[in-house]
Structures are given as C-alpha cells and as structure tokens.
Amino acid sequence: PALADRWRVVAPDYPGFGYSSFPSREAFAYRFASLARVMAGFTDALGLVRYSLYIQDYGAPVGLRLALMQPDRIAGLITQNGNAYEEGLSSLWAPLRAYWADPSPQNRAVLRNWLGEAGTRLQYSAGVPETQLDRLAPDTWTLDWLKLGRPGNAEVQIDLFADYETNVALYPEFQRFLRERRPPTMVLWGRNDPFFTTAGAR
C-alpha cells in the first residue's frame with residue numbers, strides 16, 4: 001500500500017502457498033524451475049514487460065531464475081535476505097546438504113521435523129532477541145501454519161528443500177546476470193538471519 005499510489009504493485013503466491021491453488025504432487029512438480037515457469041506465465045498474462053523484482057527467501061531463486069529467462073524485462077531488484085552466494089549459506093544448511101548427498105528416508109525425516117508448528121514460528125522469530133519475542137504478533141505464524149498444516153503440504157515443502165540444491169548450482173549464473181546486467185539493486189538484510197547470513201549481502 002505504501003508504494004501503490006505511485007507504482008503498480010503485484011504480489012503473487014506460488015502454487016501451494018498462501019491462498020493460491022494447491023495441486024497435488026502428482027499434478028504439479030514442486031521444483032523451483034516449475035515455480036519460475038509459473039511466474040513467467042503470470043508476468044505474461046498480466047502484460048508485465050518491464051518490472052522490478054522484490055525477492056526474499058524462496059522468492060530469490062525464483063525471481064533470479066525469472067531474470068535469467070527474461071533478462072530484458074528486469075528494471076531493478078530489491079533483495080531482502082535473498083541469497084545468491086554460497087558464502088551466504090550458514091551452517092544450519094547442514095541437514096539440507098546431507099539430504100542432497102543422501103536422500104534417504106532418515107535424512108528426509110530430519111527435514112520433516114522443521115515443518116511443525118514450532119518450526120513455522122521459528123521462521124518469524126529466529127534472530128529476534130529473547131527480550132523482544134513478546135512484541136511479535138502471533139497472527140503471522142498462526143496463519144502461515146494454518147496453510148502449511150494442510151494434508152500433503154509437508155511433503156511438498158520437503159520436495160522444495162530437496163530441489164534447493166539446483167538453486168545453489170545456478171548461483172554462478174545468477175552472479176553472471178548481476179555482473180553483466182548490473183540492474184539497479186537495493187540490498188536489505190536482517191543481520192540475525194540464521195540461514196542466510198550477511199556474507200550473502202556483502
């Protein structure tokens with residue numbers, strides 16, 4: 001709303017997220033390449049021929065994949081903890097890396113433990129000083145958990161965890177895009193992010 005008086009602001013959800021449709025894993029491949037293709041179709045449907053991307057968390061690899069697909073459309077970037085460098089991945093990625101190396105049921109079970117109600121709350125409270133936790137509105141994670149708790153969603157999220165390795169493999173391509181295209185970019189970063197460290201911002 002703070003930008004909408006001067007800019008056309010569009011904020012889509014991905015399939016399976018928010019209030020968007022939630023196709024089954026048999027009907028839709030929950031991969032980052034699939035999400036990027038959906039977003040490319042979305043920008044075409046809305047006639048977005050030139051736009052700036054605001055990327056954050058999962059939106060970073062999806063948005064940067066979109067930038068690789070449609071480089072001439074990108075007018076600028078705003079990145080909020082939107083990592084594109086291996087240096088920005090903290091040690092908390094170890095269970096994910098273990099699953100990438102060995103996608104066993106045991107390693108998958110470790111990732112499933114992240115997807116409960118407490119894990120959802122952690123997405124909003126991680127890095128917040130203990131003395132400030134009572135200032136966080138619970139509506140955020142409770143609404144998120146309501147959607148994440150839908151039957152089958154945990155498996156979808158683990159599929160995306162597993163596929164995140166393909167984003168890391170594309171980091172050199174993302175970096176090439178940034179280096180060669182040099183889109184005007186604003187970098188915002190929460191310094192206490194436990195997953196994407198400030199090394200990624202630097």
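A search of the whole structure finds 14 aromatic pairs. Two rings of Phe, Tyr or Trp (for Trp, its six-membered ring) pair if their centres lie within 6.5 Å; planes under 30 degrees apart are stacked, over 60 edge-to-face, and the rest tilted. One of these pairs joins F32 and Y58: it is edge-to-face, at 5.0 Å centre to centre and 80° between the planes. This pair links distant parts of the chain, 26 residues apart. F32 belongs to helix α1 (residues 32-46), while Y58 is in the loop between β1 (51-56) and α2 (59-69). Both F32 and Y58 are buried. Another pair, W93 with W100, is tilted, at 6.2 Å centre to centre and 50° between the planes. W93 and W100 are both buried too. Ring pairs also build a cluster out of Y14, F17, F32, Y58, W93, W100, Y164 and F196.

A ring can meet a charge as well. The charged end of R121 sits over the ring of W141, 4.6 Å from its centre. To count, NZ of Lys or CZ of Arg must be within 6 Å of the ring centre and within 35 degrees of the ring normal.

The model is predicted: local features need pLDDT of at least 70, side-chain atom pairs count only at pLDDT 80 or more, and totals for chains, interfaces and linings use all residues. Residues are numbered from 1 along each chain as its sequence is written, and side-chain values use heavy atoms, with hydrogens and water left out.

**The whole chain**

The protein chain has eight helices and three strands. Their order along the sequence is α-β-α-β-α-α-α-α-α-β-α. Helices (H or I, at least four residues) and strands (E, at least two) are DSSP runs, numbered from the N terminus. The radius of gyration is 17 Å, close to the 17 Å that the globule rule gives for 202 residues, so the chain is as compact as a globular protein of that length. That radius is taken over C-alpha atoms, and the rule is 2.2 Å times the number of residues to the power 0.38. The C-alpha trace spans about 45 × 45 × 35 Å along its principal axes. Of the 202 residues, 36% count as buried.

Buried means under 20% relative accessible area, exposed over 50%, and partly exposed in between (1.4 Å probe, protein chains only).

| Residue | Relative accessibility | Class |
|---|---|---|
| D57 | 27% | partly exposed |
| N81 | 9% | buried |
| S91 | 65% | exposed |

D57 lies in the loop between β1 and α2. Although D57 is not a glycine, it has a positive phi of about 55°. N81, in the loop between β2 and α3, also has a positive phi of about 55° and is not a glycine. S91 lies in the loop between β2 and α3 (94-101). S91 and F195 are 104 residues apart in sequence, and 7.7 Å apart in space, C-alpha to C-alpha.

**The second largest pocket**

The second largest pocket is lined by 16 residues. T79, Y85, L178, V187 and G200 lie nearest its centre. β2 (74-80), β3 (185-188) and α8 (198-201) each supply at least two residues of this lining. The largest share, three residues, comes from α8. By type, the lining divides into 10 nonpolar, five polar and one charged.

Technical notes
On a 1 Å grid over the protein atoms alone, a cavity is a set of points where a 1.4 Å probe fits but cannot get out, and a pocket is an open set with protein on both sides within 12 Å along at least five of seven lines; lining residues have an atom within 4 Å of a point. Ala, Val, Leu, Ile, Met, Phe, Trp, Tyr, Cys and Pro count as nonpolar, Asp, Glu, Lys and Arg as charged, and the others, Gly among them, as polar.
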